Amino acid sequence: MYKLSSKPLISKAELSERVNSLAAEIAAAGEFDILLGILTGSFIFVSDLVRAMPKANEKGMRVKFFKASSYGDSTEHGSLKVSGLENLELAGLRVLLVDDILDTGNTLYRLVPMLKERGAAVVKTCVLLDKPSRREAPIEADFVGFKIENKFVVGYGLDYADDYRTLPEIMTMEEV
Ligand code: XMP
């Protein structure tokens, strides 16, 4: 059994400040043609991030989402179900791939080559949270909001069995 922590791991104010500084870091690294958000956990992060980014070009940066989720048991590393990438035109584009959290790394490790196979010229990765102690695949994100210890986190888009996504801060789930 798990219950929600009584205090946030990362407060609303800390999230807001870091998302703004992260947006500035990304903008300083160059222009991206398209931001690809991974559903569902990144939806709040993406919406705050793009509003904190100066216009990438005169039309603004394109934003699209697609779904990626792991399936199978935990010994089946790398079983990833991806939908919504089929019709994305990425040829020659500079892509910023955004996820909520980098955990084992299996998701981003598999997605980056998929985007390159679809013709992306550049793929950079951005995550709000990073749990380095859990890494299995050899990948680091190009832009990281917060490095955190190995706790299950919810809120600000992240869920526990689809609950807690709309909490405005990052909370942890604690064993009871
Ligand atoms: P990997 O292990 O492939 O995982 O880097 C990335 C995906 O796993 C989910 N994930 C979490 N979701 N709280 C969550 O709500 C967590 O602490 C957590 N750790 C991993 C998440 O969907 C992420 O995209």
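Here follow questions and answers on ring pairs, a helix crossing and a core residue in a predicted model.

Biologist: What are the ground rules?
Modeller: The model is predicted, so local features need pLDDT of at least 70 and side-chain atom pairs count only at pLDDT 80 or more, while totals for chains, interfaces and linings use all residues. Residues are numbered from 1 along each chain as its sequence is written, and side-chain values use heavy atoms, with hydrogens and water left out.

Biologist: How many aromatic pairs are there?
Modeller: Rings of Phe, Tyr and Trp (its six-membered ring) pair if their centres lie within 6.5 Å; planes under 30 degrees apart are stacked, over 60 edge-to-face, the rest tilted. By this rule the count is 2.

Biologist: What is the geometry of the pair Tyr2 and Tyr160?
Modeller: The centres are 6.1 Å apart. The planes make 55°, and the pair is tilted.

Biologist: How far apart in sequence are the parts that this Tyr2 and Tyr160 pair ties together?
Modeller: Strands (E, at least two residues) and helices (H or I, at least four) are DSSP runs, numbered from the N terminus. Tyr2 lies in strand β1 (residues 2-4). Tyr160 lies in the loop between β8 (153-154) and β9 (171-175), so the pair ties together parts apart by 158 residues.

Biologist: Which residue pairs edge-to-face with Tyr160?
Modeller: Here the centres are 6.0 Å apart, with 75° between the planes. Ring pairs link Tyr2, Tyr160 and this partner into a cluster. The partner is Phe152.

Biologist: Which charged residue sits over the ring of Phe32?
Modeller: The test is NZ of Lys or CZ of Arg within 6 Å of the ring centre and within 35 degrees of the ring normal. The charged end lies 5.2 Å from the centre of the Phe32 ring, and belongs to Arg94.

Biologist: How are α1 and α2 oriented to each other?
Modeller: The axes of α1 (residues 12-28) and α2 (residues 43-52) come within 8 Å and cross at roughly 60°. Axes are lines fitted to C-alpha atoms over the stretch in contact, with angles from 0 to 180 degrees between N-to-C directions. Under 35 degrees is roughly parallel, over 145 roughly antiparallel, 65 to 115 roughly perpendicular, and the rest oblique. The two helices are therefore oblique.

Biologist: Is Leu115 buried or exposed?
Modeller: Buried means under 20% relative accessible area, exposed over 50%, partly exposed in between (1.4 Å probe, protein chains only). Leu115, in helix α3 (residues 106-117), has a relative accessible area of 0%. Leu115 is buried.
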